[in-house]
Amino acid sequence: MTDTAASRLGDTPAGDLSALRKGNRMRVLAALRDYGPQSQKDLAARVKLSQASISNMVAELLELDQVTLTERVDRRRYKIVSLSGRLGLVLGIGVDHQKIDVVLGNLACEIYQSRSMSTSPELTPIEMLKSAVTLAEECIAGAGRKPADVVAVGLSLPSPIAGPATAVEPAFPQWWSVHPVQWLTARLGARVVLDNAAYAATMAEWRWGAGRGCSDFLNVTVADGIGAGFVLANRIYHGGLGGGGEIGHVVVEPGGGQRCRCGNSGCLETFASLPAMLRTAQEAGARVTTHEEFLDAAVAGDAVCLDIVTRESHRIGSVLGSVASLLSPTRIIIGGTLARASSVALPALRRGFADAVIPTMPVQPAVIEAELNEASIAVGAMAIATASLPDEDLLQLSQRGG
Ligand SMILES: [Zn+2]
């Protein structure tokens with residue numbers, strides 16, 4: 001996603017009507033790339049053109065086969081503008097500790113094909129990437145298309161990334177020597193964008209889930225780790241160094257608990273991630289062996305498991321309350337494996353949140369459940385790849401027209 005589209009592509013010589021029209025056309029395409037399918041009214045507001053000008057522009061782009069119009073009925077009847085699927089295909093790849101998901105869609109984020117396979121801890125990063133390529137090839141063949149039709153690839157990994165870019169490496173040691181972006185670019189022949197799973201999930205919730213239409217929210221995933229993605233002022237926010245959202249590594253008990261995988265001690269994740277809660281439950285004598293068994297026992301009222309879920313959800317909530325005081329989001333979305341026990345976890349998390357957030361704020365953020373959850377990571381990676389297409393590439397695709 002770039003800030004430059006509207007300004008740079010719309011920077012046309014005064015008085016040159018044809019250049020002006022071309023500039024406006026590109027601003028419309030760039031807004032559809034950055035914010036996904038949207039109504040003509042939203043589009044007009046984003047590119048700062050009148051409704052009449054947008055209608056004319058959309059009609060021109062329809063003629064050129066660069067956008068599509070679909071009717072939506074949601075209390076009232078209106079039309080949604082999307083980038084045309086003919087502009088190119090996009091792959092989304094989500095790799096985590098348990099599985100690889102691959103989806104194939106188009107620049108309008110319509111999904112044509114999806115494939116998944118489970119992984120095992122013994123697989124090396126290269127073996128995982130090779131499997132992802134095999135799944136991607138199956139998706140492309142399944143859609144009756146060819147690899148050259150793919151114009152962008154989004155790759156999501158379950159580790160901090162040193163910035164949303166094409167040439168940075170994940171921060172976790174097993175991936176240090178792998179260069180996944182270069183590796184995938186060489187095999188798939190398309191531009192590859194790397195981001196972490198928390199941001200891919202955030203993008204998916206923003207486009208299709210509980211963050212729809214929201215300009216400022218946090219999307220928090222509580223699973224093997226605890227990650228968050230920020231959308232601030234209508235932008236995915238990675239921070240200046242690219243490592244934003246690592247809420248699981250907020251130190252909640254300095255020097256306490258087990259040493260964290262990040263190297264510190266006392267991180268939220270070492271108490272409130274699913275592996276940490278399961279370990280605490282087992283140490284307290286609970287007969288549960290998986291995250292799911294542990295969460296189901298808590299929902300069923302097992303005293304030990306329920307106490308741990310309640311206490312740790314409260315702790316997550318209090319960290320989020322502090323974050324909300326800093327950033328003032330309108331929504332906080334909670335997803336991940338913890339959602340399985342949301343009936344007990346969410347009320348406790350909300351109490352922890354209320355205890356920590358500034359109580360005199362006139363309006364408090366809504367703490368709500370994710371709609372799409374972890375299944376959405378590959379889809380989110382696909383949307384990130386679309387939103388990251390450089391202006392030049394979008395321009396070239398629209399001129400190529402297919
Ligand atoms: Zn940590």
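Here is a short chat about the predicted model shown above.

Q: What's the average pLDDT of the protein chain in this predicted model?
A: The chain averages 87, and 91% of the residues score at least 70.

Q: And what about residues 1-10?
A: There the pLDDT is below 50. The stretch still has 24 contacts in the model beyond near neighbours in sequence. Where pLDDT is low, though, the predicted coordinates should not be read in detail.

Q: OK, switching topic. Which domains does the assignment give?
A: Domain 1 covers 5-83, domain 2 is 87-200 + 377-400, and domain 3 runs over 210-371.

Q: How far apart are domain 2 and domain 3?
A: Their C-alpha centres lie 27 Å apart.

Q: What does UniProt place at residues 24-77?
A: The unreviewed UniProt entry has the feature "domain: HTH marR-type" there. In the model, residues 24-77 are 61% helix and 22% strand.

Q: Now the helices. At what angle do α9 and α11 cross?
A: Roughly 145°, with the axes coming within 10 Å. Helix α9 is residues 274-283 and helix α11 is residues 303-327.

Q: Left-handed or right-handed crossing?
A: Right-handed, as α9 passes α11.

Q: Which residues make the contact?
A: From α9 you have M277, T280 and A281. On the α11 side they're V304, C305, I308, V309 and E312.

Q: And how does that contact split by class?
A: Between α9 and α11, six of the contact residues are nonpolar, one is polar and one is charged.

Note on methods
Residues are numbered from 1 along each chain as its sequence is written. This is a predicted model: local features need pLDDT of at least 70, side-chain atom pairs count only at pLDDT 80 or more; totals for chains, interfaces and linings use all residues. pLDDT is the predictor's confidence in each residue, from 0 to 100. Two residues are in contact if their C-beta atoms, placed from the backbone, lie within 7 Å. Domain bounds come from an automatic or database domain assignment. Axes are lines fitted to C-alpha atoms, for helices over the stretch in contact, and angles run from 0 to 180 degrees between N-to-C directions. Helices (H or I, at least four residues) and strands (E, at least two) are DSSP runs, numbered from the N terminus. A crossing is left-handed if the near helix is turned anticlockwise from the far one by less than a right angle, and right-handed if clockwise. Ala, Val, Leu, Ile, Met, Phe, Trp, Tyr, Cys and Pro count as nonpolar, Asp, Glu, Lys and Arg as charged, and the others, Gly among them, as polar. UniProt positions are given in the numbering used here, feature names are shortened, and annotations may be inferred rather than shown by experiment.
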